[in-house]
Amino acid sequence: MDFALLRDAFWGLTFDGLALGAIYALISLGYTLVYGVLRLINFAHSEVFMIGTFSALVASGIMGVKIEDDPRTGWGMVFTLLICLIAAMLASGITAVLVEIIAYRRLRQRGATKLATLISAIGVSISLVELFRIITDSLPREFPRIMDKTFLFSYAGADIRNDKVIVIIAAGLMMFALERFITKSRYGKGIRAVSMDESTSTLMGVNINKVITVTFLAGGMMAGAAAFFYILVYENTSFKVGFFLGISAFTAAVLGGIGNLKGALFGGFVLGILETYTSAVFGTAWKAVISFLILVLVLLIKPTGLFGESIQQARV
Amino acid sequence: MADKKFRYNLRDHAADYWERSPKWRRVSLSISFIAFFYALPFLNNPLINTPGSDFQSVLFYPVGMYVLMAIGLNIVVGKSGLLDLGYVAFFAIGAYTMAILGTHTSLNFWEILPIGIALAMVSGVLLGTPTLRLRGDYLAIVTLGFGEIVRIVAVNIEAIGGPRGIAGIPTPPDLFKAKFTILDPKPYYWVLLTFTLLIIWMVRRMAARRPGRAWDAIRQDDDVAQLMGVNTLKYKVWAFVLGAAVAGAGGVLYASQILSIVPDQFNLNVSILILACVVFGGIGNLWGVILGAALLAFTPERIRFLSQPRILVFGIALVVMMNLRPDGILPKKKREHFDPNWKTVEESGEGEIK
């Protein structure tokens, strides 16, 4: 119990929590999108995230960044960062689509039970984790520092670091783009239609397979972006990284009301901040316990999450 | 559709044979099956021997233990349709009860066993009463959280060994002529088999009576069941608690065989693997679940010669199997299709609400 730390470093912790929450929110968007359309927990989503982190790593290697190098500057740095971001998003997006084709499509078309689909997704998840465990020899990998990390300014005793500012702003932009996509685009309309009523939207001419593929692609790309931001801030990854972040992100999605995009965002930020506070007060070991207790309490009071499922309304 | 209904089905054939058999044949078949399973540790066959690990040990853990837990989880997931992703928590509670009481008190295994079961049941009630009101997917995340909480608590409390766990757990006292030692897993296997048989008997009795019918109703439609006067929460909690009791008993026995436990043995992967056993074998069908658990526990041990990629192969096999047989290896109630006049609601088009 260390409440003094929480009081003294309150704004610093809040800021760190916002950065972590942005990453959670981006991952939980993938859970919530898939749940909205298929009514299924995508168990392999955490591995989609994991593959994103490794792709960013590989992309940085291709760009010639080495661990012992000095951080890059100027447009070269921006270019390298963008390449890593795009690589992570593409790899995660493609993985998510492949997961859908391999683990979900056939079972869905045969009208299999939810549980069978869940086990199939778990199988994919186990396979991907094991594949990367073998490739990386069970060792964590370090991400080279592309960008010099400096303190931009201080606010109420909290030093605001530039990489976290970038993460929060960029994540906000991503979420804005996704929101526009869901509300304005043709496929976004399709996603909303399918999540309201699958059979009616098929009758109305929505190509359900395409819509589901796009849903997985969008969710996967958000997870890829989250993976890049994660590796930028924490500078390491391992084959297990998806498991821990995946559970937290899924908790965030449920906290906000799964199937609800705003809920996922809100849940992500709330959980990120809460986890940072509780690790400061009780130590990092207890943070998962506290977040789960909060989740249980929220569900007991409001069983559909903070924002509700909003099945009938537009899911935005 | 018609040709599908009359397709030959080994499971249905076997079940029909069983139901048409006179009593003496059923009894003698049961006895020979049971005797076969009691004699299984003596079997020495290169086909089923596990390279790199002792077959008799594998028979106790993971195979026997997974079968026991899969039967327990089948009450929760298969019979009453509640998705529990934190089943390992009850296993851990049983194991820790055995470890703590065994090392700190003079109680022996047979005295700790009921305490372990009772504690697992109490935690089942404590977790179940508030959370079983939640709908499927929310229940999944809450139980998943519970499983992780139990593990994290065990890691973080130094009094129960912290991350190093507890070592020096006593073995059970001798029973008849069987000696429980670390070197010989056979007596443990026999105790486990006895537990399993008792639980199978109990589950089959229950499934045929009021609780079984209530679980069926709850699984098919929670709201309708409640409307028809089934006290759904009560029977859900009961399913949960019975499942917990089975896992608790398994945990006590496991701890007394393995002699030292660490919290990381009770991670989420165990819960998921047991759930995979249930779904893989044929959800809701007891014999399918047993077969699935035995296969899923045995295969990774059998292919240990692959060493590195064996879990990878296991994962791929899971995906392939679920795609080929989404209802599991031995799905339940296919037999109803033998009646040429029998139709499902979807086939007849009646009662369509959508």
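**Briefing: chains A and B of a predicted model**

Helix 11 of chain B (residues 232–258) has 27 residues and reaches 39 Å from its first C-alpha to its last. That is close to the 39 Å expected at 1.5 Å a residue; the expected span is 1.5 Å times one less than the number of residues. Helices (H or I, at least four residues) and strands (E, at least two) are DSSP runs, numbered from the N terminus.

This is a predicted model: local features need pLDDT of at least 70, side-chain atom pairs count only at pLDDT 80 or more, and totals for chains, interfaces and linings use all residues. Residues are numbered from 1 along each chain as its sequence is written, while chains are lettered from A and ligands numbered from 1 in the order in which they are written.

**Chain B**

- Chain B has 15 helices and 0 strands.
- Of its 354 residues, 45% count as buried. A residue is buried if 20 or more other C-beta atoms lie within 10 Å of its own, exposed if 12 or fewer, and partly exposed in between, with C-beta atoms placed from the backbone.
- Helix 11 of chain B is largely enclosed by the rest of the structure, because 23 of its 27 residues are buried.
- B:L259 follows helix 11 of chain B and has a positive phi, near 70°.
- Take the contacts in chain B between residues at least 6 apart in sequence: 78% of them join residues at least 24 apart. Two residues are in contact if their C-beta atoms, placed from the backbone, lie within 7 Å.
- A cis peptide bond, with omega about 5°, joins B:Y61 and B:P62. B:P62 sits in helix 4 of chain B (residues 55–79).

**Where the chains meet**

- The contact takes 34 residues from chain A and 34 residues from chain B.
- On the side of chain A that touches chain B, the elements giving two or more residues are helix 4 (74–109), helix 5 (114–136), helix 10 (241–256) and helix 12 (287–301).
- Helix 5 of chain A gives the largest share of that side, 12 residues.
- By class, that side of chain A has 26 nonpolar, 5 polar and 3 charged residues. Ala, Val, Leu, Ile, Met, Phe, Trp, Tyr, Cys and Pro count as nonpolar, Asp, Glu, Lys and Arg as charged, and the others, Gly among them, as polar.

**The hairpin of chain A**

- Strand 2 and strand 3 (residues 158–161) of chain A pair in the antiparallel sense over 4 bridges. Two strands pair if DSSP finds at least two bridges between them.
- A:S154 has A:D159, in strand 3 of chain A, as its bridge partner.
- The hairpin has 2 residues between the strands, and A:A156 takes a positive phi near 50°.
- A:T150 lies in the loop between strand 1 and strand 2 of chain A. A:T150 counts as exposed, with 10 C-beta neighbours inside 10 Å.
- A:T150 and A:R161 are 11 residues apart in sequence and 5.8 Å apart in space, C-alpha to C-alpha.

**Positive phi in loops of chain A**

- Most residues other than glycine have a negative phi.
- A:R39 is not a glycine, yet has a positive phi of about 60°. A:R39 is in the loop between helix 2 (10–38) and helix 3 (45–62) of chain A, and is partly exposed, with 16 other C-beta atoms within 10 Å.
- A:S138 also has a positive phi, near 65°. A:S138 lies in the loop between helix 5 and strand 1 (141–142) of chain A, and counts as exposed, with 11 C-beta neighbours inside 10 Å.
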